[in-house]
Amino acid sequence: MDTYGNDGTGGAGAGRRTLGIEEELLLVDPANGEAAPKAGELLNLYVRPLEAASGPILTAEFQQEMIEVVTPPHATLAGLQQDIVAGRAIAHQAAGDVGVRVAALGTSPLPANPHPVQLRRFKAMAEEYGLTAREQLTCGCHIHVSVESPEEAVAVLDRMRIWLPVLIALSANSPFWHGQDTGYASYRAQVWNRWPSAGPLDILGGPDAYHQLVHDMVSTGVALDEGMVYFDARLSRHYPTVEIRVADVCLRPENTVLLAGIARGLVETAAREWREGTEPVYVPSALLRLAGWKASRWGLRGELLDPHTHRPAPALAVVNALLNHVRQALADMGDLQRVEEQVDRLLAEGTGAVRQMEVLHRTGDLERVVADAADCTVSASQAW
């Protein structure tokens, strides 16, 4: 994914946009469920197999208590799921080599005292941002979807921004923080938005405006560099993609794939609207923040804000509105039936936050919540 264009790898290519995933996973002690600072030791031992040169890889993240699994780009959701499952399996094995487990949890259910990875940039962040950085132990899911040009990329950002809060609700998987029930389905979203450079983008109109905004943010000195421009969705600095960053890491691989499929549908729908001359729907960023808060608070078990009316509506109605919005794009890519089936399953079974709460209510033990999550992380998933 090195250049823009119709090359079938990075750009939209032969009618189907490629997509890739970055999943952040928590490292936990199997004896007590607590977050374990083992990333450095794990990655020092980790050797990427030569036969998996084109498959998922493990990388470091901000804190020693987490690692990231990165997939290559895929044209199909089935291929993407194979690499998500494979990447989690690689992470599971590597974690076992240093005596810990991986768990797809948006936050640690048990109290944690994170340890930043000892890189110059991360040390600077810890010094600059104080408690915000010291407590920042959250695991998200970042979805990259290919675009054909910078102009298309910013047009996509302008047009899909009103739908991103729904992805928070669909992925909600972080109800606990420092051993407490937060009352939120995605408390990760609350912690993440402590960063001063996080949140929704305004409508920008083109790449010049986007890059000027990034330049101005870094010039303030509040964002230390371009990598700290933590928009809900942004242009990738390394690939010809838009990167959607609002979601919690999902407990089960198939839910990650579901999010990716919907995200690709949003990108394709927005690109078609741009090509057809449809202007983006203007919604103030302040209202999008409220929509994101509502999704973070309730997930799929309450009301969300309707993206068009900005008024409370049942989560089911808002999710159906999202599916209707991307329906034609999903159908054209051959994803519609499976996405609808997986959405129905998610609505029936609940998000990762629901499962975590159910395990706590059944056992009364947050250690059991962590153990169950670690099991789910690498359990067999329903095929796409």
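In this predicted model, one aromatic cluster is formed by Phe 62, Phe 122, Tyr 129, Trp 192, Trp 195 and Tyr 230. Rings of Phe, Tyr and Trp (its six-membered ring) are paired if their centres lie within 6.5 Å, and planes under 30 degrees apart count as stacked, over 60 as edge-to-face and the rest as tilted. Because the model is predicted, local features need pLDDT of at least 70 and side-chain atom pairs count only at pLDDT 80 or more, whereas totals for chains, interfaces and linings use all residues. Residues are numbered from 1 along each chain as its sequence is written, and side-chain values use heavy atoms, with hydrogens and water left out.

**Aromatic pairs**

- A search of the whole structure gives 10 aromatic pairs; in one of them, Trp 177 and Tyr 187 have ring centres 5.8 Å apart and planes at 50°, so this pair is tilted.
- The pair links distant parts of the chain, with Trp 177 in strand β6 (residues 176–177) and Tyr 187 in helix α7 (residues 187–192), 10 residues apart; helices (H or I, at least four residues) and strands (E, at least two) are DSSP runs numbered from the N terminus.
- Both Trp 177 and Tyr 187 are buried, where buried means under 20% relative accessible area, exposed over 50% and partly exposed in between (1.4 Å probe, protein chains only).

**The largest pocket**

- The largest pocket has a volume of about 900 Å³, and of the 38 residues that line this pocket, Glu 22, Glu 61, Glu 68, Arg 234 and Glu 243 are the closest to its centre.
- On a 1 Å grid over the protein atoms alone, a pocket is an open set of points where a 1.4 Å probe fits, with protein on both sides within 12 Å along at least five of seven lines, and lining residues have an atom within 4 Å of a point; points are joined across faces, edges and corners, and the volume is the space filled by probe spheres set on them.
- Elements giving two or more residues to the lining include β1 (19–28), β3 (66–70) and β9 (241–248), and β1 gives the most, with four residues.
- By class, the lining has 17 nonpolar residues (Ala, Val, Leu, Ile, Met, Phe, Trp, Tyr, Cys and Pro), 10 charged residues (Asp, Glu, Lys and Arg) and 11 polar residues (the others, Gly among them).

- Glu 243, found in strand β9, counts as buried because its relative accessible area is 3%, and beyond its neighbours within four places in sequence its contacts (heavy atoms within 4.5 Å) include Glu 22, His 142, Asp 232 and Arg 234.
- The side chain of Glu 243 also makes a polar contact with the side chain of Arg 245 at 2.9 Å; such a contact is a pair of N or O atoms within 3.5 Å, where within protein one must be able to donate a hydrogen and the other to accept it, and residues adjacent in sequence count only if both atoms are side-chain atoms.

**Loop residues**

- His 178, in the loop between β6 and β7 (180–181), has a positive phi of about 55° although it is not a glycine, and at 31% relative accessibility it counts as partly exposed.
- Gly 334, in the loop between α11 (315–332) and α12 (336–349), is exposed, with a relative accessible area of 61%.
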